[in-house]
Amino acid sequence: MDSHDHPHDHSAHAEITDAAPGYYEIMETAVRELLIEKKLISPGEIRRQIEVLDSRTPALGAKVVARAWVDPAFRARLLADGRAACEEFGISFYDDTLLIVLENTDKVHNLIVCTLCSCYPRPVLGLPPDWYKAKPYRARAVKEPRKVLAEFGTEIPEDVEIRVSDSTAIVRYLVLPQRPAGTEEFTEEQLAALVTRDAMIGVVRINLEATNAL
Amino acid sequence: MIPLSTNSTLGAGPAWQITKALGEEPLFEAGDSVKVLVRYPVGHYRVPHFIRGHKGSVEMVITRAAVNNEEEGFGRNAGSKGYYYRVAIPLTELWPDYVGAPQDGLRIEIFETWLERI
């Protein structure tokens, strides 16, 4: 059957095809097979690392944010040393990266990007979204952050400073969003449910009305 | 023994003269004005082109000495460590036609081999 014979709509997801693998896919397979053949790493180690990554999702970061909102001492430790505070919370770091947690305030809005590749706080958020790895976001986030934010529906007033943190080497970033008004009575669990991946990247703010409207 | 430096004393007893190894102490501190060096080595380097040659200021020292991962990437330099700095660069410094607020800025970590004091 021709891949376009069937009626369902492909607009919401990438088409699944059996097309030949691309250049980088072939290179990855070749390098992986060589490393295994030379006994530098084992297939079990590769599978284990995939499982490690699969166990990390934005829900972890959301729990960290909610704890910081309800516990000022934890918040202070998180801002002083993001990695140590996350480890204390039970989130292990399986690599040598450090974590700087960037607090959004009435005066400062933080946004994170990796202009060189796809550095991302994977231990706390899991794998990055595709747009985060795409060239338009990487190039434009440091050149016209206000326009990029506006495209995400985020209007930042002129008197609020925008800080774009570009991860290049050993540091990863996590944005600590502002706690929305009207959540004073919320439990930590209810607060965590409000915190989205995009808010922890800094492309959106958390807005109770918008969340309720979904 | 002739002390080579006098930058540390321990305890209340006789002054212990501690000589730090090269690279053991950060070269820069928060508030220092720096310029990102301009060079174009071939290979995988961690300083994006758009910041090379631009001026900024050190916001903080990343206080864990780290291997120079550019050298490490080529299998060199094992055991030799230095410091990364979180450097602030105004977006108006990077892009003369920047549209936004003048206080908007970039923060980026740069290894000390790429920075010069200004």
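Me: How many residues does the contact take from chain A and from chain B?

Reply: This is a predicted model, in which local features need pLDDT of at least 70, side-chain atom pairs count only at pLDDT 80 or more, and totals for chains, interfaces and linings use all residues. Residues are numbered from 1 along each chain as its sequence is written, while chains are lettered from A and ligands numbered from 1 in the order in which they are written. Two residues are in contact if their C-beta atoms, placed from the backbone, lie within 7 Å. On that basis the contact takes 19 residues from chain A and 21 from chain B.

Me: Which element gives the most to the side of chain A that touches chain B?

Reply: Elements are DSSP runs numbered from the N terminus: helices are H or I with at least four residues, strands are E with at least two. Two elements of chain A give two or more residues to this side, α9 (145-151) and β3 (161-166). With six residues, the top contributor is β3(A).

Me: How many nonpolar, polar and charged residues does that side have?

Reply: Ala, Val, Leu, Ile, Met, Phe, Trp, Tyr, Cys and Pro count as nonpolar; Asp, Glu, Lys and Arg as charged; the others, Gly among them, as polar. For the side of chain A that touches chain B, the tally is nine nonpolar, three polar and seven charged.

Me: Which strand of chain B is joined to β3(A) by four bridges?

Reply: Strands pair if DSSP finds at least two bridges between them. Here there are four, and the strands run parallel. A:Ser165 stands opposite B:Arg107. The partner is β4(B), residues 105-111.

Me: Which residue of chain A stands opposite A:Ser165 in β3(A)?

Reply: Inside chain A, β3(A) also pairs with β2(A). That pairing is parallel and spans six bridges. The residue opposite A:Ser165 is A:Ile112.

Me: Which are the edge strands of the open sheet of seven strands?

Reply: The order is β2(A)-β3(A)-β4(B)-β3(B)-β2(B)-β1(B)-β5(B), with mixed pairing. An edge strand pairs on one side only. The edges are β2(A) (108-113) and β5(B) (115-117).

Me: By how many degrees are neighbouring strands of this sheet turned on average?

Reply: Axes are lines fitted to C-alpha atoms, for helices over the stretch in contact, and angles run from 0 to 180 degrees between N-to-C directions. With direction ignored, the average turn is 35°.

Me: What distance separates the centres of the two domains of chain A?

Reply: Domain bounds come from an automatic or database assignment. Chain A is divided into domain 1 (23-53) and domain 2 (56-213). Taken over C-alpha atoms, their centres are separated by 31 Å.

Me: How many helices and strands does chain B come to?

Reply: From the N terminus on, the elements run β-β-α-β-α-β-β. Of the 118 residues in chain B, 20% are buried. The secondary structure comes to two helices and five strands.

Technical notes. A residue is buried if 20 or more other C-beta atoms lie within 10 Å of its own, exposed if 12 or fewer, and partly exposed in between; C-beta atoms are placed from the backbone.
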